[in-house]
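Welcome! Here is a short tour of a structure that may be new to you. Have a look at it first, and then read on topic by topic.

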Amino acid sequence: MNTDLLCGLLAEPSRLRTYSAVVLGATTPEQVAGSTGLTAPVVHKALQRLAKGGLITDSPSGLQADEGAFKDAVREGRPEREPLDPDPDRDAVLKSFIRDGRLTIFPTVPTKFRIVLEYIVTNFEPGRSYPESEVNEILNRWHPDHAALRRELVDAGLLSRSDSIYVR
C-alpha cells in the first residue's frame, strides 16, 4: 500500500474514526458504533472500505487493524538512498552527520570528524588554487560556520593555506 492510498482511506472522517476504534480495541461493528457515535450503516460502509483497502480484517476473533500498513507505506515511498561512501563504515558516519547535502553538526569524535572532512574536501580540485572567498562560498553550502570548517580542513592537512590562497 502506498501513502496516497493510505491517506485516501483515512481521509474520510467516518473511516478514520472507525479505524481508530478498531486500533483501540473495538472488535465488532457494534463496539465501533458505540465508541465512535457513528450509525450502524455508516460503520458498515466504513468497515467495507477499510477491509477492501487492507487496513482492517475480520477474523473469527473479531475486527483487527493492520497497524504495520503505515511503516510499509513509508518504506515503499522512500527513494533508495545513495551511499556517500562505498565503505559501509564510512558511509554510516557520513549518514549520521550529513543530511540533504549539508553538515548538520560537527562530529566530536576526531576519527568521525576526519571522515566528514575527507568527504567535504572532495569539493575542491587537487592542485587548484582557491581564493578565500571561493573557499568560503563552497564551505557555506555545507555549514553556516564556514570559517570553522575551513580552519578544520587546514588543521587536518586536507587544505593548505598561504596568503589567503587555499590548495587541496
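## A first look

In H8, the buried residues are Val135, Asn136, Ile138 and Leu139; here buried means under 20% relative accessible area, exposed over 50%, and partly exposed in between (1.4 Å probe, protein chains only). These residues span an arc of only 165° around the axis, which puts them on the same side of H8; the arc is that of the directions from the helix axis to the C-beta atoms. Helices (H or I, at least four residues) and strands (E, at least two) are DSSP runs, numbered from the N terminus.

Please keep in mind that this is a predicted model, where local features need pLDDT of at least 70, side-chain atom pairs count only at pLDDT 80 or more, and totals for chains, interfaces and linings use all residues. Residues are numbered from 1 along each chain as its sequence is written, and side-chain values use heavy atoms, with hydrogens and water left out.

**Helices with a buried face**

- The buried residues of H8 pack against H7, strand E5 (129–131), H9 and strand E7 (165–167), where contact means heavy atoms within 4.5 Å.
- Helix H6 (residues 88–97) has Asp91, Val93, Leu94 and Phe97 buried. Seen down the axis, the buried residues of H6 fall within an arc of 160°, so they line one face of the helix.
- Pro88 and Asp89 are exposed, on the face of H6 turned away from its buried side.
- The cover over the buried residues of H6 includes strand E3 (98–99), strand E4 (102–103) and H7.

**Helices packed together**

- Helix H1 (residues 3–11) packs with helix H2 (residues 13–23) at an angle of about 95°, their axes being 5 Å apart. Axes are lines fitted to C-alpha atoms, for helices over the stretch in contact, and angles run from 0 to 180 degrees between N-to-C directions.
- H1 and H2 are therefore roughly perpendicular to each other; angles under 35 degrees count as roughly parallel, over 145 as roughly antiparallel, 65 to 115 as roughly perpendicular and the rest as oblique.
- Gly8, Leu9, Leu10 and Ala11 of H1 make this contact with Pro13, Arg15, Leu16 and Tyr19 of H2.
- H2 also packs with helix H4 (residues 40–52), at an angle of about 80° and with the axes 9 Å apart. That makes H2 roughly perpendicular to H4.
- On the H2 side, Ser14, Arg15, Thr18, Tyr19 and Val22 meet Val42, Val43, Ala46, Leu47, Arg49 and Leu50 in H4.

**Aromatic pairs**

- There are 4 aromatic pairs in the structure. Rings of Phe, Tyr and Trp (its six-membered ring) pair if their centres lie within 6.5 Å; planes under 30 degrees apart count as stacked, over 60 as edge-to-face and the rest as tilted.
- One of them joins Tyr119 and Trp142 edge-to-face, at 5.8 Å centre to centre and with 85° between the planes. Tyr119 lies in helix H7 (residues 110–120) and Trp142 in the loop between helix H8 (132–140) and helix H9 (146–155), so the pair ties together parts that are 23 residues apart in sequence.
- Tyr119 is partly exposed at 22% relative accessibility, and Trp142 is buried at 8%.

**Positive phi in loops**

- Asp100, in the loop between E3 and E4, has a phi near 50°, a positive value in a residue other than glycine. Asp100 is exposed, with a relative accessible area of 82%.
- Asp163 has a phi near 50° too, and sits in the loop between strand E6 (160–162) and E7. Asp163 is exposed at 74%.
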